[in-house]
Amino acid sequence: MSSLAIDAVDLSRRYGTRWALARVSLRLEAGQSLLLTGHNGSGKTTLLRVLAGAVPASTGRASIFGLDLGSQRAAVREQVGLLTHSSYLYEDLSASENLLIPARLLGVVDPAARVRELLGQVGLEGRAKDAVRQFSAGMRKRLSIARMLLKEPALALFDEPFGELDPGGIQQMEVLIRQLQGRGSTVVLATHLIEQGQSLCTRRLHLSGGRTAAA
Amino acid sequence: MSARVRPGLLRSALVVLRKDLLIEWRSRARINALVFFALSTLLLFSFALGPDTRLLGRSAGGYLWLAIMFSSVLALGESFRVESENAALDGLRLLPVDARAIFLGKATGNAALLLLLSAVLVPVTLAVYDVRALEGLPRLAGVLALGCLAISAPGTVYAAIAAQSRARDVLLPLLLFPILIPALISCSKATTLVLHGDAMHELGSWTGLLIGFNVAYWSLGVLLFPSVIED
């Protein structure tokens with residue numbers, strides 16, 4: 001595995017006629033943490049989605065741990081976890097079912113035990129059997145992070161991880177991010193809560209109008 | 001890192017199938033709506049034909065399949081609405097799950113739902129359209145299974161395409177119905193032959209056509225579905 005977690009050169013992404021991301025270059029060593037800042041619509045979410053292999057870049061190239069994002073998308077996805085505004089949850093299924101399905105698809109050997117452990121970590125063990133439809137936005141966010149942790153990603157991409165969380169939830173999220181960092185995961189964190197972000201990250205990249213800009 | 005053994009294509013498809021069936025079971029109101037829609041369609045056709053019992057009996061096969069086909073649009077659309085909500089399909093893609101497994105799981109789930117719907121519609125059809133054909137029921141079950149599989153394979157691909165559009169409710173029948181014409185004709189003919197007798201031994205030809213349709217569209221689905229959800 002390459003020592004560079006992210007090696008992106010001139011990454012651009014266009015939606016219709018609008019460039020959401022324009023010629024962004026980025027190199028991040030494995031194990032480092034990057035804080036991504038910028039106003040709404042500055043391209044943070046698009047950059048994270050491109051790096052996760054959720055959407056292809058319109059131009060430019062990038063590799064994740066030496067794997068090419070264009071030609072080795074499935075292998076890249078194996079390495080990356082993405083937490084975004086979309087929860088990826090099924091409303092009619094319970095919290096534990098929402099984790100058991102990806103656990104089985106990932107081939108986790110004892111999925112039930114792992115799911116119990118993760119629900120405990122995000123403070124949802126008491127709501128394991130409740131349908132997600134009944135959950136508050138903060139509880140959904142906690143369940144989404146549990147879903148992401150299930151994958152144990154080498155590169156964890158967080159898009160506004162503190163949004164919708166109460167103070168206790170924010171603290172818990174910080175602990176979970178630090179645990180990931182402690183295990184050697186590379187972290188990219190996009191947030192408007194600069195102080196919180198800076199306490200977790202060693203580097204910072206500011207985006208404006210889809211381009212790299214001075215903070 | 002917790003121990004992992006990545007499942008193969010078929011095991012992944014089974015997990016997706018189980019998930020879809022579980023969601024359908026949990027949201028039984030949707031199944032009920034589907035059944036009521038199909039029953040209403042079937043009854044409206046019978047009212048439109050009038051009280052001519054011979055005409056009703058002869059038309060039973062065709063109207064049964066029209067009711068199943070119209071209802072399938074609701075079922076197929078719903079199966080991708082669930083995936084669009086909270087971008088759950090993106091979540092599966094990014095795990096990553098083989099797109100072919102997603103297709104196989106969802107298409108089999110859709111076929112199972114249509115088969116369940118058919119099991120409710122057949123007794124009603126026999127009663128309302130005044131058809132007595134109990135001895136033909138095992139063969140009818142075979143035709144129903146082939147027909148539901150034939151609707152669900154192209155239906156799953158087109159529902160995935162339509163789900164990406166704002167006009168999804170209009171787009172799905174527009175894309176799907178023309179493709180289904182050969183399957184609809186085969187299903188109607190085969191059902192009529194099972195219900196009313198097959199003096200000319202034509203049933204084999206119509207079921208053969210249905211099997212061919214299934215082989216073609218399930219293969220195309222496996223090949224095309226990855227591009228549909230990725231690009």
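Predicted model: local features only at pLDDT ≥ 70, side-chain atom pairs only at ≥ 80, totals over all residues.
Me: What makes a stretch a helix or a strand, and how many does chain A have?
Reply: Helices (H or I, at least four residues) and strands (E, at least two) are DSSP runs, numbered from the N terminus. Counted in that way, chain A has seven helices and 10 strands, whereas chain B has eight helices and zero strands.

Me: Why are β1 and β2 of chain A called paired strands?
Reply: Two strands pair if DSSP finds at least two bridges between them, and eight bridges join β1(A), residues 4-15, to β2(A), residues 18-29, so the two are paired, and they run antiparallel. One of the facing positions is A:I6, which stands opposite A:L28 in β2(A). The two strands form a hairpin with two residues between them, and A:G16 in the turn has a positive phi of about 65°.

Me: What makes β2 and β5 of chain A edge strands?
Reply: The open sheet of four strands has the order β2-β1-β4-β5 in chain A, with antiparallel pairing. In that order β2(A) and β5(A), residues 67-68, each have a single partner strand, so one side of each is left without a neighbour in the sheet. The partner of β5(A) is β4(A), residues 59-64, and the two pair over two bridges in the antiparallel sense, with A:I64 and A:L67 as bridge partners.

Me: What is the order of the open sheet of six strands in chain A, and which strands are at its edges?
Reply: The order is β6-β7-β8-β3-β9-β10 in chain A, and the pairing is mixed. The edge strands are β6(A), residues 80-83, and β10(A), residues 211-213, since each pairs on one side only. From one strand to the next the twist averages 25°. Three bridges join β9(A), residues 203-208, to β10(A), and these strands run antiparallel, with A:L207 opposite A:T212.

Me: Why are α2 and α5 of chain B called roughly parallel?
Reply: The axes of α2(B), residues 28-49, and α5(B), residues 99-128, come within 10 Å and cross at roughly 25°. Angles under 35 degrees count as roughly parallel, over 145 as roughly antiparallel, 65 to 115 as roughly perpendicular and the rest as oblique, so α2(B) is roughly parallel to α5(B). Residues making the contact include B:L34 and B:L42 of α2(B) and B:L117 and B:V124 of α5(B).

Me: What makes two residues a contact, and how many residues of chain A are in contact with chain B?
Reply: Two residues are in contact if their C-beta atoms, placed from the backbone, lie within 7 Å. By that rule, 25 residues of chain A are in contact with 25 residues of chain B. On the side of chain A that touches chain B, the elements that give two or more residues are α2(A) and α3(A), and the largest share, six residues, comes from α3(A).

Me: How do you know that the radius of gyration of chain A agrees with that of a compact globule?
Reply: The radius of gyration is taken over C-alpha atoms, and the globule rule is 2.2 Å times the number of residues to the power 0.38. With 215 residues the rule gives a value near 17 Å, and chain A has 17 Å, so the two agree.

Terms used: Residues numbered from 1 in each chain as written. Chains lettered and ligands numbered in written order. Axes fitted to C-alpha atoms, helices over the stretch in contact; angles between N-to-C directions.
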